[in-house]
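Please read these comments alongside the coordinates.

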Number of protein chains: 2
Amino acid sequence: MTSKNDVLATAERARIAARVLAPLSRARKDEALHAMADALVSNEPTIVAANERDVAAGRAAGMNEGLLDRLTLTPARIQAMAQGLRETAALPDPVGEVVRGSTLANGLRLAQYRVPLGVVAMIYEARPNVTVDAAGLCLKSGNAAVLRGSGSAYQSNMALTEILADAIASVGLPRDAIVLVPGTDRESVTHLMGARGLVDVIIPRGGAGLISHVVENSIVPVIETGVGNCHVYVDAAADLDMAEQIVINAKTQRISVCNAAEKLLVHADIADDFVPRIAKALNQAGVVLHGDERVCALVPEASAATDDDWTAEYLALEMAIAIVDGVEGAAEHISRWSSGHTEAIISTDSRAIDYFIAHVDSAAIMVNASTRFTDGAEFGFGAEIGISTQKLHARGPMGLAELTSTKYVVRGDGHVRH
Amino acid sequence: MTSKNDVLATAERARIAARVLAPLSRARKDEALHAMADALVSNEPTIVAANERDVAAGRAAGMNEGLLDRLTLTPARIQAMAQGLRETAALPDPVGEVVRGSTLANGLRLAQYRVPLGVVAMIYEARPNVTVDAAGLCLKSGNAAVLRGSGSAYQSNMALTEILADAIASVGLPRDAIVLVPGTDRESVTHLMGARGLVDVIIPRGGAGLISHVVENSIVPVIETGVGNCHVYVDAAADLDMAEQIVINAKTQRISVCNAAEKLLVHADIADDFVPRIAKALNQAGVVLHGDERVCALVPEASAATDDDWTAEYLALEMAIAIVDGVEGAAEHISRWSSGHTEAIISTDSRAIDYFIAHVDSAAIMVNASTRFTDGAEFGFGAEIGISTQKLHARGPMGLAELTSTKYVVRGDGHVRH
């Protein structure tokens with residue numbers, strides 16, 4: 001059982017490192033990122049050997065092939081992680097950016113600058129590449145990273161963290177810019193969630209259960225990420241060929257990701273035409289269908305959808321379909337069941353589109369485009385630390401700017417208040 | 001004892017109203033703000049009568065004169081509250097502002113817009129003017145407001161909320177845009193902190209005890225406000241006349257506010273000269289002094305400062321003074337003891353100023369200016385809902401923009417991901 005003192009001591013080391021990182025120039029941070037990339041490549045055999053121990057343990061424990069694949073680090077994947085660090089080095093430094101500024105009536109000069117958050121903790125599941133991504137993005141934004149990965153990737157994460165921390169130290173920056181939480185049991189998460197004052201934010205990435213556990217129990221501020229119960233609404237004024245292509249893409253192009261579509265809403269006026277057609281196409285793509293009463297009458301192979309279906313993030317070849325009374329009905333359905341990640345409207349009616357944008361309260365609205373585009377790289381942010389589904393601080397794909405806070409600097413020449 | 005169901009039902013009413021408020025035009029919101037202002041003025045006798053019951057109860061319960069003064073609503077103060085609503089109406093609407101936008105390589109058009117947070121809950125203490133300020137700022141930013149004021153102002157808050165809600169309804173907007181939590185006991189706060197999904201954010205304003213209670217127990221996201229243990233650092237290169245004026249202003253111009261200075265740090269090289277001088281000036285202004293060992297040797301009337309002094313937000317004519325070894329020592333002291341609100345440096349040495357700005361991690365840094373300037377109105381925001389001392393979402397004075405989230409809208413013409 002991981003002790004509270006061990007976790008707090010780890011966070012304290014990161015806190016001390018964070019104070020060194022905050023005022024660093026971009027050049028020094030980029031030098032560290034390149035050293036980290038080089039170190040991954042030159043230590044490839046060590047990383048592969050550590051990862052093989054995790055993979056063997058996973059296989060022995062009966063881990064499924066999908067998870068084993070996400071856990072496995074090959075030389076090509078290690079090269080890709082190194083390349084990711086070099087691309088992060090090439091991005092502009094968010095720290096120091098002036099967000100707002102003015103000279104006040106009394107002559108005071110006001111400026112609001114971006115500054116690092118301080119200590120960023122990530123809690124995540126099996127993929128060890130998250131260790132490298134998070135370390136790179138936190139370092140670039142001047143934050144220290146406290147990483148708590150999955151037990152199934154612990155050997156890989158230990159090896160990666162040691163190699164990255166050594167690389168950071170090799171250019172004269174603090175090793176503790178990246179620290180791994182000792183232990184991977186539930187207690188290690190519990191103690192991290194209590195480290196208010198040492199940790200500035202916790203970003204949980206993983207399944208809905210992990211995320212809601214952290215959101216409900218942490219006294220450290222949390223950024224909620226990534227549960228995606230995404231909807232596609234096909235309006236009466238849709239181009240039905242376009243609608244079919246987008247629905248198939250959103251549902252099947254990659255099924256295990258949060259921006260995959262899980263629900264289809266169809267305008268009642270076109271349901272008799274479009275529902276059987278899209279059901280056939282989805283069926284051919286191997287998608288299991290659920291439907292409301294009206295859909296089941298049109299699609300014999302669809303089973304009756306339950307409340308669990310309307311809330312589910314399937315992450316599988318499975319979809320629930322409802323027939324709605326226009327864009328108002330679509331917005332109502334989404335408001336009741338969505339996780340607030342991404343919803344798409346397929347329509348050529350500008351009034352329907354405007355209504356959908358105004359009344360659907362989600363992080364991203366796609367108009368005549370697949371839900372799969374909600375992604376930091378697709379949005380041109382260059383890197384992504386996660387996708388926020390909350391409203392405070394950041395909403396949608398989070399890049400480097402979302403790992404910063406701000407500081408006001410006010411310059412006077414003896415100004416006092418009257 | 002306030003029941004959970006009553007609090008949740010109140011929040012649910014606000015949630016329904018919030019969905020109506022979110023897409024409203026600026027014109028309709030400003031019309032409501034003017035109706036609210038007019039209603040305050042025309043209902044002045046009702047407000048004064050309700051307030052007199054609170055004041056009489058407070059006096060009977062032995063409330064001190066300072067608190068009684070903050071609780072009292074006079075005709076002039078009611079006019080001022082109405083004027084505040086009219087000034088809020090004159091501010092630009094933050095909702096709909098485009099924060100970021102671009103056309104991506106694949107032709108997708110990306111825009112990030114400001115949208116309301118949804119339901120904003122305020123928990124605050126005796127001042128009933130906060131009821132009107134919060135109602136106005138929330139309405140202007142398209143949010144519904146759930147207000148939980150102090151028990152000592154309950155009659156005033158009930159009268160104000162009824163009048164404002166009627167005024168909102170009179171222009172065809174939902175009455176429940178402003179709701180008062182039933183009850184003012186501890187349970188009413190507890191139930192509000194559990195209303196995740198109904199309430200989007202809780203902003204506690206008041207004493208340090210209230211704020212830390214909410215921060216530690218709420219599962220609704222919280223914006224921490226206002227505890228100010230503010231420091232003034234007088235560097236060796238300071239203009240000592242300017243330093244004296246700023247210290248006196250920051251400490252004594254208004255003592256009960258979070259941006260008043262509570263601590264003075266003096267560079268060791270000028271301590272023999274400046275410490276006796278400023279101690280004399282502070283003494284003449286009636287300020288009780290505490291000091292570290294070196295200060296006490298120079299100032300016989302200063303008592304030895306304890307750890308409690310270094311963390312205290314006195315909100316009184318009281319100040320603790322420490323002698324520090326240069327700007328590095330000042331930054332060290334602040335890092336250990338500050339609440340992260342506002343710190344000032346008095347210096348003409350640009351290297352000391354740059355070091356202070358880079359190494360002091362607070363919401364606002366004043367250079368040769370009084371700490372008293374950290375304020376939404378002084379910063380030109382036109383209105384202030386509080387001063388955030390946390391790093392997520394908002395830091396420093398919060399205006400209308402800080403009561404918003406964002407939404408991405410992505411427009412394509414059949415884009416699918418490959």
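1. Two strands count as paired if DSSP finds at least two bridges between them. Helices (H or I, at least four residues) and strands (E, at least two) are DSSP runs, numbered from the N terminus. Under these terms, strand S3 (residues 119–123) of chain B pairs with strand S4 (residues 144–148) of chain B in the parallel sense, over 5 bridges. Val120(B) is opposite Ala145(B) in S4(B).

2. This is a predicted model: local features need pLDDT of at least 70, side-chain atom pairs count only at pLDDT 80 or more, and totals for chains, interfaces and linings use all residues. Residues are numbered from 1 along each chain as its sequence is written, and chains are lettered from A and ligands numbered from 1 in the order in which they are written.

3. In chain B, an open sheet of 4 strands has the order S5-S4-S3-S6, with parallel pairing. Strand S5 (178–180) and strand S6 (201–204) of chain B are at the edges with a single partner strand each, so one side of each has no neighbour in the sheet.

4. Helix H6 (residues 129–140) of chain B lies across S3, S4 and S5 of chain B, at about 160° to S4(B). Axes are lines fitted to C-alpha atoms, for helices over the stretch in contact, and angles run from 0 to 180 degrees between N-to-C directions; contact requires C-beta atoms, placed from the backbone, within 7 Å.

5. The contact between the chains takes 51 residues from chain B and 51 residues from chain A. On the side of chain B that touches chain A, S16(B) gives the largest share, 11 residues.

6. Strand S16 (residues 404–415) of chain A runs parallel to S13(B), joined by 5 bridges. Arg411(A) is opposite Val367(B) in S13(B).

Note on methods: Two residues are in contact if their C-beta atoms, placed from the backbone, lie within 7 Å.
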